[in-house]
Amino acid sequence: MKIPTVTLSNGVEMPEIGFGVAALGNGKAFHTAMEAALENGYRMFDTAPFYENEAEVGEFLRGCGIPRQELFITTKLPNACHAYEDTLKAFDTALEHMGLDYLDLFLIHFPVPSVGKYHEAWKAMEKLYREKRVRAIGVSNFQEPHLQKILDTGEIVPQVNELECNPYLTVRPLCNFCAEHGIRVVNWFPLGGPREPLVPYPMDDFKVLLDDPVMLRIGAKYGKSAAQAALKWAIQNHITPIPKSSNPERIRQNCDIYDFTLTPEELAEIDALNHDRRLGPDPNTFDDMEMG
Ligand code: A2P
């Protein structure tokens, strides 16, 4: 299966679906999943130092036999490295860990507004981009005020904003803002995330997106699963999902979504499931310096 690409605002081609490796670790399950992903046509791999598999992603992809230029490799800037020089150093460290001589996409992982240095980090990202050490630069978990500050103080508009987003958390105004500025949205937790709340963020009335009767019914109409319907919803909204799975059959399924199209009514019905249900940290207040 060849996954189509989309063209970022700077002309770089990025796969329309990526493979998220958060929570896959770096052991046997990680290797099985990476093999299944490559076999099924995934070429975009999204890691971060915090996922504890940045080095293994690099090692695996270097040895996988696919030419480097056919791969699209993303990693992120840790929260503790927003000072200008620290950003430059963190980039070098990432390349060293991964054994690569360039990245396809480098993202500021979180804005960390309480530290307030993300615009300084952005200046360093711009330098790396101008030096052609990275093909595209972007941000992650940035809300409208953070993006506005980058637009006001920076010279390059981010090519990507990677966000927690799915039919339960559509963040429509933020996605519209990104679209207006030519910023491609990539969504993490595109399947709604884990089947229970994350440990530090308890929640009442927790619902599982993939068990939602609307998602199941719309998927079934096309002989597809709720997961496939959620991924198609993202793509039809010009969002690039990075589903995570450790299971080869589900990895296959998650890119087998090119033989059906959701109707405008179905897209609207899925949109109506939104209840701003965030499972991950609130990017406006999150300032964990271990993360990134
Ligand atoms: P598993 O690794 O056992 O497949 P997200 O991408 O939103 O973070 O969702 C990941 C969660 O969804 C994981 O728990 C993953 O579990 C599960 N998952 C991934 N793909 C599918 C699928 N096609 N159907 C059902 N569950 C899936």
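Reader: What makes Phe19, Tyr42 and Phe45 a cluster?

Author: Ring pairs link Phe19, Tyr42 and Phe45. Rings of Phe, Tyr and Trp (its six-membered ring) pair if their centres lie within 6.5 Å; planes under 30 degrees apart count as stacked, over 60 as edge-to-face and the rest as tilted. By this rule the count comes to seven aromatic pairs.

Reader: Before we go on, what kind of model is this, and how are residues numbered?

Author: It is a predicted model, in which local features need pLDDT of at least 70 and side-chain atom pairs count only at pLDDT 80 or more, while totals for chains, interfaces and linings use all residues. Residues are numbered from 1 along each chain as its sequence is written, and side-chain values use heavy atoms, with hydrogens and water left out.

Reader: Why is the pair of Tyr222 and Phe260 called tilted?

Author: Their ring centres are 5.2 Å apart and their planes stand at 40 degrees, so the pair is tilted. Tyr222 is in the loop between helix 7 and helix 8 and Phe260 in the loop between helix 9 and helix 10, so the pair ties together parts 38 residues apart in sequence. Helices (H or I, at least four residues) and strands (E, at least two) are DSSP runs, numbered from the N terminus.

Reader: How do you know whether Tyr222 and Phe260 are buried or exposed?

Author: Buried means under 20% relative accessible area, exposed over 50%, and partly exposed in between (1.4 Å probe, protein chains only). Phe260 has 6%, so it is buried, and Tyr222, at 22%, counts as partly exposed.

Reader: What makes Lys232 a charge over the ring of Phe260?

Author: A charge sits over a ring if NZ of Lys or CZ of Arg is within 6 Å of the ring centre and within 35 degrees of the ring normal. The charged end of Lys232 is 5.3 Å from the centre of the Phe260 ring and sits over it. Arg68 likewise lies over the face of Tyr102, at 3.9 Å from the ring centre.

Reader: Why is the contact between Lys224 and Asp259 called a salt bridge?

Author: The term asks for a side-chain nitrogen of Lys or Arg within 4 Å of a carboxyl oxygen of Asp or Glu. For Asp259 and Lys224 the N to O distance is 3.0 Å, and the side chains meet in a salt bridge. Asp259 lies in the loop between helix 9 and helix 10 and Lys224 in the loop between helix 7 and helix 8, so this pair ties together parts 35 residues apart in sequence. Asp259 is exposed, at 56%, whereas Lys224 is buried, at 12%.

Reader: What joins Lys224 to a network?

Author: Salt bridges that share partners join Lys224, Glu249, Arg252, Asp256 and Asp259 into one network. One of these bridges runs between Lys224 and Asp256, at 3.5 Å from N to O. Asp256 counts as partly exposed, at 26%.

Reader: How many salt bridges does a search of the whole structure find, and what makes Arg135 and Asp104 one of them?

Author: The search finds 16 salt bridges. In the Arg135 and Asp104 pair, the closest N and O atoms are 2.9 Å apart. Arg135 is in strand 7 (residues 134-140) and Asp104 in strand 6 (residues 103-108), so the pair ties together parts that are 31 residues apart in sequence. Asp104 is buried, at 0%, while Arg135 is partly exposed, at 32%.

Reader: Why is Gln159 called buried, and what does Gln159 touch?

Author: Its relative accessibility is 2%, so Gln159 counts as buried. Gln159 is found in the loop between helix 5 (144-153) and strand 8 (160-164). Contact means heavy atoms within 4.5 Å. Not counting residues up to four places away in sequence, Gln159 touches Leu8, Tyr129, Ile137 and Gly182, among others.

Reader: Which backbone atom lies 2.7 Å from a polar atom of the Gln159 side chain?

Author: That is the backbone nitrogen of Ile137. A polar contact is a pair of N or O atoms within 3.5 Å; within protein, one must be able to donate a hydrogen and the other to accept it, and residues adjacent in sequence count only if both atoms are side-chain atoms.

Reader: Which residues come nearest to the ligand?

Author: Of the 15 residues around the ligand, Ser245, Ser246, Arg250, Gln253 and Asn254 come nearest. A residue is near a molecule or strand if one of its heavy atoms lies within 4 Å of it. A polar side-chain atom of Ser245 is 2.5 Å from an oxygen atom of the ligand, and a polar backbone atom of Gly193 is 2.9 Å from a ligand oxygen.
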